[in-house]
Each structure stands twice: as C-alpha cells, then as structure tokens.
Amino acid sequence: MKSQTPSSLPKGRKPTGFSNPQLVAMRRDYFRRLAKAKLLNTPDTPAIEAYLKRLDEELARRKITIQDPELN
C-alpha cells in the first residue's frame with residue numbers, strides 16, 4: 001500500500017478557499033481525529049496525518065500561529 005503524502009492528495013483535498021477561522025477550526029478538529037485514530041489504531045491514520053500536514057502548510061503560508069489554550 002502506497003503511503004499518502006500531501007503532494008499526492010487530489011487538488012480538492014488541499015485546504016484552500018477557507019477563511020482563517022475555518023482553517024484554525026479544521027486544524028483543531030483534524031488534530032483530535034488524528035489522536036483518536038492513533039489510539040484506536042485505525043487504517044485511516046496516514047491520510048489524516050497527510051491532511052493535517054497540508055493544513056499546517058497552509059496555515060504557515062498565511063502566517064497564522066495557533067497557541068494552545070492549555071499552555072496560557
């Protein structure tokens with residue numbers, strides 16, 4: 001099975017066309033999904049990791065930083 005990388009994702013799966021608050025909310029949601037997938041050892045973990053990486057790249061491109069509320 002070929003592992004998915006962010007560049008191999010279809011163009012429709014790339015997080016463009018969203019507002020900044022939507023991207024932040026999506027990033028938090030996908031981070032939770034990834035944690036749950038890793039705990040449950042589900043087969044969709046690599047795809048979630050790839051999309052989360054793409055979200056992080058888009059946030060970095062827009063120069064958006066997310067601060068963890070638990071660290072404040």
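Is asparagine 41 buried or exposed, and what is the relative accessible area of asparagine 41? In this predicted model, asparagine 41 is exposed, because its relative accessible area of 67% lies over the 50% that the term requires. The residue sits in the loop that joins α1, which spans 20-40, to α2, which spans 45-61. Most residues other than glycine have a negative phi.

Lysine 63, which is found in the segment after α2, likewise has a positive phi, here of about 60°, although it is not a glycine. Lysine 63 is exposed, because its relative accessible area is 76% and the term applies to values over 50%.

| Residue | Phi | Relative accessible area |
|---|---|---|
| Lysine 63 | about 60° | 76% |

Helix α2 itself contains glutamate 58, and this residue is buried, because its relative accessible area of 8% falls under the 20% cut-off. The side chain of glutamate 58 makes a polar contact, at 2.9 Å, with the side chain of arginine 62. When residues up to four places away in sequence are not counted, glutamate 58 touches Pro15, Thr16 and Leu23.

Notes. Residues are numbered from 1 along each chain as its sequence is written. This is a predicted model: local features need pLDDT of at least 70, side-chain atom pairs count only at pLDDT 80 or more; totals for chains, interfaces and linings use all residues. Side-chain values use heavy atoms; hydrogens and water are left out. Helices (H or I, at least four residues) and strands (E, at least two) are DSSP runs, numbered from the N terminus. Buried means under 20% relative accessible area, exposed over 50%, partly exposed in between (1.4 Å probe, protein chains only). A polar contact is a pair of N or O atoms within 3.5 Å; within protein, one must be able to donate a hydrogen and the other to accept it, and residues adjacent in sequence count only if both atoms are side-chain atoms. Contact means heavy atoms within 4.5 Å.
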